Each structure stands twice: as C-alpha cells, then as structure tokens.
Amino acid sequence: MNQEIRVRIAPSPTGFFHIGSARTALYNWLFARHHNGKFILRIEDTDTSRSSREMTKIILESLGWLRLDWDEGPGKDGNYGPYFQSERKEIYNDYAHRLIKENKAYWCYCTQEEIEKERTEFFNKKMNWQHRCRDKFSTEEINKRKKAGIMPALRFAVPLDKKITFTDIIHGEVEKEAADIEDFVIMKSDGMPTYNFACVIDDFLMKINYVIRGVEHIANTPKQILLYNAFNIPVPDFAHLPVILGKDKKKLSKRLGARSVLEYREEGYLSDALVNFLALLGWSPGGDEEIMSRERMIELFSLERINPANAIYDETKLDWLNNHYIINRIDQVNFLNQIKPFLISTGLVTEDDYSNKKEWLDRICLLMRPRLKVLKDITKARYFFTDDFEYEPEALKKYFNNKSLSLVKEFKQNLESIKFFDAKNIEETLRDYCNSKQIKAKELIHPLRVYITGTEAGPGLFETMELIGKERCIKRISKMIEKYEHGTD
RNA sequence: GGCGCCAUCGUCUAACUUGGUUCAGGACAUCGCCCUCUCAAGGCGAAGACUACGGGUUCGAAUCCCGUUGGCGCCA
C-alpha cells in the first residue's frame with residue numbers, strides 16, 4: 001500500500017492527561033514516525049464545559065513535554081479540520097440525517113425508566129438483552145409523546161442477520177454476532193453525537209487508516225464497523241492496546257493513583273526516560289534491548305510486537321531508568337540546564353543567586369548527580385545551600401557522643417590551619433591527623449559528616465566540605481560542640 | 001445477565017506466528033560479595049516461574065485445540 005499512514009489520538013478534555021493516555025499517544029506517534037505517516041490530534045470535547053479549555057491546554061502541554069509532536073490538530077491546521085469535535089456538530093447532524101433518510105436509523109421515544117425496566121426484566125430472566133424499539137409505537141403514540149415533551153434519541157438500526165469480523169493487529173480475529181448488539185444510540189436526545197458515531201465520522205473524514213486505541217474500545221469496534229458499512233465507507237485497520245492496571249489490578253484511574261503526565265515533570269522525571277519506560281509497558285523490540293533513544297524506538301517499533309496482556313503499573317523501574325538517564329543519557333550541560341528550575345522551585349536558591357554562583361552550584365549538582373532518582377531529589381543537598389537544615393535523629397544517636405566530640409574538637413584546630421581549603425588538602429590533613437592518633441580515618445569521617453551535614457549519607461566528605469567552605473564548616477562544628485556541652489551539662 | 005478481551009519469576013517482558021536449539025532468557029526490585037569515608041553509582045553473584053488449573057492433539061507443548069477458574073472491559 002502506498003497510501004499514507006494516518007493515525008490519531010482523540011483525548012477528551014474532561015479528565016486529565018495521565019500515563020495511560022500518554023502511552024496510547026506514544027504508540028500512535030511511534031507508528032506514524034516509523035512509517036513516515038501523519039499523527040493527528042483531535043480533541044473530543046462534545047461535553048462542552050468551561051474547564052475544557054484548561055484541560056485542552058494540559059493535553060497540549062503534556063504532549064509537548066513528551067515531545068510527541070502532532071502533524072495536524074490544535075495549533076497545527078491540516079486539510080481535515082476542525083480538530084475540535086465541538087466545532088463539527090453540523091457534520092454529525094448531516095450524516096445522521098443521511099441514515100434516517102435511508103431507514104438505517106430511527107428516533108427512539110422510550111423514556112429512561114422504560115428502558116431501565118425492560119433491562120431488569122430480561123436480566124432477571126437471564127436473557128440476553130438488546131434494546132430495540134423500531135416500530136414500537138404507533139404514530140399517535142409518538143405524537144402524544146412529542147407533545148409531552150419527550151426528546152428522542154437517534155438509534156442505529158442494527159442489521160440483525162450479520163456477523164461482524166475484523167482482524168485486530170494485536171488480538172487477531174475478533175467476531176461478534178450483530179444480533180448481540182442493541183440498537184445503539186448515535187445521537188443523544190440533547191443533539192450531541194455519541195462516541196461511536198462521532199468517532200467513525202471523524203476518522204473517515206480525517207482519512208484515518210489505522211485506529212490504535214485502548215482495549216476498552218474493542219467492544220465498540222463491531223458497532224463502528226456497522227456504521228462504516230452503513231455509510232459504505234472504508235473500514236480502517238484496528239490495533240487495540242492492552243490497558244495499564246493499578247497494583248490492585250483495577251484499571252488505572254485518578255482515584256487509584258494514576259498521575260498526570262505533568263506531575264512527572266514536576267517531580268523531575270526526564271521526558272526521555274518516561275517515554276522509554278512507557279514504550280516498554282506493553283511493547284518490546286524482541287531482544288534484550290531496553291534502553292532506547294526515540295530514534296531507536298521509531299526504528300524498531302511495530303504493532304505486531306505489542307503484548308496483548310494488560311500490564312500492572314509499577315514505578316520502581318521508572319525510577320531506576322530515570323536515574324540511569326540522569327547519569328548516562330544526558331550530557332553535563334543538558335543535566336545542568338534541566339536541574340536549574342528545580343534549584344529555584346524548591347527554594348534552594350533564588351534566580352539572582354543562580355547567576356552569581358553558577359560555577360559553585362554546578363559543582364554541587366554534579367556531585368549529587370548519581371544520587372538523584374528524580375531531579376527534585378536535589379533537595380537532599382539542602383545543607384550546601386543553607387545552615388538551616390535538619391539533623392537526622394538516627395545519625396545523631398550514632399555519632400553525637402563523647403568520643404566523637406573530643407576528636408572533632410581537636411581536629412577543628414587542624415582544619416582552621418588549612419590555607420587552601422580544597423578536598424585534597426582537607427583529606428591530607430584529616431588522614432595525617434588520624435595517623436598521628438592511631439585511629440582509622442572513618443572514625444573521624446563519619447561523625448564529622450554528621451556534624452557538618454546532619455546526615456550519614458551523601459557525597460564524599462572532602463568534596464562536600466570544600467563546597468560548603470572553611471568558615472561554614474568550622475561554624476557548624478563549633479555550634480555542635482557548644483550544643484553538646486550545654487546539653488550534657 | 002449477555003457478549004468480548006486477557007493469562008510466563010513480586011513487576012515489565014523474551015521464547016508462542018513457523019511445536020524439539022528452553023529442566024524457560026533479560027531487566028527492575030530483593031539478598032550477598034567486591035570497590036569504598038557513608039550513601040549512591042559501578043562490577044560480580046544468588047535467589048525467584050512445576051509457563052493459572054484440567055484435559056486433548058503429538059514421538060515431543062510455554063508454544064496448537066477444548067474446557068474450567070480468575071482478571072479486565074462493553075452494553076445502563
């Protein structure tokens with residue numbers, strides 16, 4: 001086929017843009033890029049509410065951060081717009097009337113209560129139930145109902161004798177008897193199209209030839225195929241992606257800990273790491289290759305290699321991947337640029353400080369680099385930036401005692417005599433001192449770290465001290481000595 | 001209730017299309033050792049899956065078929 005491949009994502013701006021939507025977007029994007037096709041963004045905003053503008057912005061921003069660029073959609077006009085469903089109402093209406101004219105759709109004047117009642121009756125008899133009400137009411141009855149103000153919904157008249165089959169790229173053959181499908185609503189009584197209807201019309205008009213979406217829509221597909229047939233328009237190929245489940249095996253949702261894509265940005269995940277992680281959640285290139293650049297993923301991606309089983313979402317591997325990306329997959333300059341906003345947003349430094357002390361800040365960040373799961377973890381380095389930090393109770397319990405105090409107190413004088421307070425000289429001084437006292441270096445290093453940083457964990461002590469500076473180190477030590485002597489007296 | 005989808009280590013997955021090379025491979029997490037001033041990072045290693053269960057086909061099944069169970073979803 002020489003036909004250009006066109007795929008789309010159609011998020012609705014009612015919820016938020018979470019990782020499930022992001023993964024669907026990613027797979028569509030990878031597929032389009034792999035085939036040099038087009039990736040289209042369509043906003044399903046038929047439930048027009050005030051918040052939808054805001055939500056649309058979030059979708060655009062999320063995709064932008066993930067660098068999943070779309071070829072047509074909001075802000076990027078193509079020849080098949082508009083790309084907001086709310087601006088396409090006339091189109092749906094038009095198509096609906098074509099079906100009515102051909103007797104393929106009919107108005108349903110049943111009330112909600114009547115439908116409910118019918119359904120329970122059938123349920124109780126353990127019978128399959130599909131709502132059908134063509135020719136149910138006489139013309140007089142319909143007029144009566146119209147006068148009573150009942151607004152009708154438009155239902156599609158399902159051709160009962162058919163068996164619908166389609167080949168899903170991920171799941172293979174899927175079959176469904178048309179008789180098992182109710183005469184589903186295509187236009188609601190408020191004049192809005194239903195998902196199945198709008199989706200078919202839009203996909204057709206936008207020349208979408210591959211529909212890649214979540215499995216929750218696999219049961220909608222036969223209905224949509226019926227619509228394609230009714231309009232006598234070409235049916236696209238389908239690929240139904242497995243769903244991402246929470247730890248309790250329920251579908252990931254806001255309530256069950258699904259987080260918005262933008263939250264990952266705020267936490268300090270790298271978008272490349274998230275993309276890599278999401279790609280692996282349901283897809284694998286086949287071998288042992290796991291860490292891949294976007295280019296590599298585009299090169300290797302294929303729908304056939306998607307695992308049909310649902311995946312449980314577990315972020316531990318994402319944390320590892322993100323750390324790996326921070327250390328190995330971005331260069332120093334890029335790392336420094338990316339961490340800057342976190343230094344400021346976490347209140348560690350001000351914008352002014354940043355430009356004044358850039359070199360010093362860079363050295364701290366580089367020291368912390370292998371220790372960062374997310375960029376926000378830079379807050380662990382708080383003791384570099386301010387004297388106002390917490391002393392960990394556990395650390396104090398272990399190292400804040402008579403023995404360490406006398407050592408630190410004495411060593412303080414050696415520190416004071418260091419002329420060039422750099423890591424090398426500090427280390428030399430400390431090791432000389434320990435040799436002369438016949439003790440192991442770590443016997444002094446451990447308590448000293450706690451005195452100066454309040455914690456047992458962190459980068460090498462000598463580099464740490466150099467960056468904190470002679471004066472502040474000595475001040476902190478003095479303060480602790482004083483505190484100890486007062487506390488014990 | 002009907003219908004549809006799914007089922008390999010705790011998690012993500014490879015091998016399933018084209019049955020034998022698999023007493024099931026990799027990664028994360030876990031545990032141990034090494035490196036080391038601690039924590040990370042890095043190196044090495046261990047443990048972890050009778051391939052949900054039960055049948056069948058076959059000389060041979062994780063791989064093909066059927067059923068059961070469980071999970072997920074659609075119809076409201």
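Modeller: Start with burial. A residue is buried if 20 or more other C-beta atoms lie within 10 Å of its own, exposed if 12 or fewer, and partly exposed in between, with C-beta atoms placed from the backbone. This is a predicted model: local features need pLDDT of at least 70, side-chain atom pairs count only at pLDDT 80 or more, and totals for chains, interfaces and linings use all residues. Residues are numbered from 1 along each chain as its sequence is written, while chains are lettered from A and ligands numbered from 1 in the order in which they are written.

Biologist: Why does K163 count as exposed?

Modeller: K163 has 11 C-beta neighbours inside 10 Å, so K163 counts as exposed. The cut-off for that class is 12 or fewer.

Biologist: What does K163 touch, leaving out residues up to four places away in sequence?

Modeller: E175, E177 and A178. Contact needs C-beta atoms, placed from the backbone, within 7 Å. L375 is another matter: its C-alpha atom is 54 Å from that of K163, and the two are 212 residues apart along the chain.

Biologist: Which strand holds K163?

Modeller: Strand β5. Strands (E, at least two residues) and helices (H or I, at least four) are DSSP runs, numbered from the N terminus.

Biologist: How do you know that β5 and β6 pair?

Modeller: Pairing takes at least two DSSP bridges between two strands. β5 (residues 163-168) and β6 have six, in the antiparallel sense. F166 stands opposite V174 in β6. Three residues lie between the two strands of this hairpin.

Biologist: What makes β4 and β7 a pair?

Modeller: Two bridges join β4 (residues 153-156) to β7. At least two are required, so they pair. They run antiparallel. R155 has V185 in β7 as its bridge partner.

Biologist: What is the strand order in the open sheet of three strands?

Modeller: β3-β4-β7, with antiparallel pairing. β3 (105-108) and β7 (185-187) each have a single partner strand, so they stand at the edges, and one side of each is left without a neighbour in the sheet. On average, neighbouring strands of this sheet are turned by 45° against each other, direction ignored.

Biologist: What makes you say strand β2 is covered on both faces?

Modeller: In β2 (residues 38-41), K38 and I40 on one side are buried, as are F39 and L41 on the other. β2 also pairs with β1 (residues 6-9) in the parallel sense, over four bridges. F39 is the bridge partner of V7.

Biologist: How do you know that the span of α18 agrees with expectation?

Modeller: The expected span is 1.5 Å times one less than the number of residues. Helix α18 (residues 423-437) has 15 residues, so it should span 21 Å, and its end C-alpha atoms are 21 Å apart. Q438 follows α18, with a positive phi near 60°.

Biologist: And what span does α19 reach?

Modeller: α19 has 13 residues and reaches 18 Å, close to the 18 Å expected. Its buried residues are L444, P447, L448, R449, V450, Y451, I452 and T453. G454 follows α19, and its phi is positive, near 80°.

Biologist: Which residues come nearest to RNA strand B?

Modeller: K251, I312, D314, W320 and G460, of the 54 residues around RNA strand B. A residue is near if its C-beta atom, placed from the backbone, lies within 6 Å.

Biologist: Which element gives the most to that surface?

Modeller: α11, with six residues.

Definitions and conventions: Axes fitted to C-alpha atoms, helices over the stretch in contact; angles between N-to-C directions. Contact = placed C-beta atoms within 7 Å.
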